[in-house]
Amino acid sequence: RSMFPRASAEMYEPAKKLMGVVAQIVARLPNKITVTGHTDATPYSKGSGYGNWELSTDRANASRRELLNAGLDESRIAKVVGMADREPLVPEDPTSPQNRRISIVLMREAPIEPPAPRAAEKSATAPPQKAEAVPPALEPPRKLARQ
């Protein structure tokens, strides 16, 4: 079911209720979120000055407002983005109403780094590395023998 009427950023009532549920769930977690708006591929008339980029951004902002109205703290929103018709949910039918939607992504708190390989794995999987040039050890000063 579409979240928005065609050519509109005004959310359908069931979508507003869904945003309230999402806000309650997200509020329990510490992570920030991103909100992305999407449109179908139906083009606007060229002379209007308003197109799918503007509409998708307006949909993302309408969704942000609904999350805030439902009690989500504004500091939890990291980014609001419009994607126009660039990431269709139904790629085989770019004009499908299902493409008129928003995406909410829960951000990671910190980047996940891959674990360091264990010594046995490192020697078995890592290509041999060149030995680093080691500066010669400093020798203690020698007494010169008199000849």
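Which residues of the largest nonpolar core touch the most other members? Before I answer, a word on what we are looking at: this is a predicted model, in which local features need pLDDT of at least 70 and side-chain atom pairs count only at pLDDT 80 or more, while totals for chains, interfaces and linings use all residues. Residues are numbered from 1 along each chain as its sequence is written, and side-chain values use heavy atoms, with hydrogens and water left out.

A nonpolar core here is a set of buried (under 20% relative accessible area, 1.4 Å probe, protein chains only) Ala, Val, Leu, Ile, Met, Phe, Trp, Tyr and Cys residues joined through side-chain atoms within 4.5 Å. The largest has 14 residues, and those touching the most other members are Met3, Met19, Ile33, Leu67 and Leu72. At least two residues each come from helix H1, strand E1 (33-37) and helix H2 (52-69), with H1 giving the most, 4 residues. Helices (H or I, at least four residues) and strands (E, at least two) are DSSP runs, numbered from the N terminus.

Setting aside residues up to four places away in sequence, methionine 3 touches Met11, Tyr12, Ala15, Met19, Arg100, Arg101 and Ile102.

Turning to the backbone, most residues other than glycine have a negative phi. Alanine 7, in the segment before helix H1 (13-27), has a positive phi near 65°. Alanine 84, in the loop between strand E2 (77-82) and strand E3 (102-106), has a positive phi near 55°, and this alanine 84 is buried, at a relative accessible area of 1%.

Finally, confidence: pLDDT, the predictor's confidence in each residue from 0 to 100, averages 83 over the protein chain, with 78% of the residues scoring at least 70.

Terms used
Buried < 20%, exposed > 50% of the residue type's maximum accessible area, 1.4 Å probe, protein only. Contact = heavy atoms within 4.5 Å.
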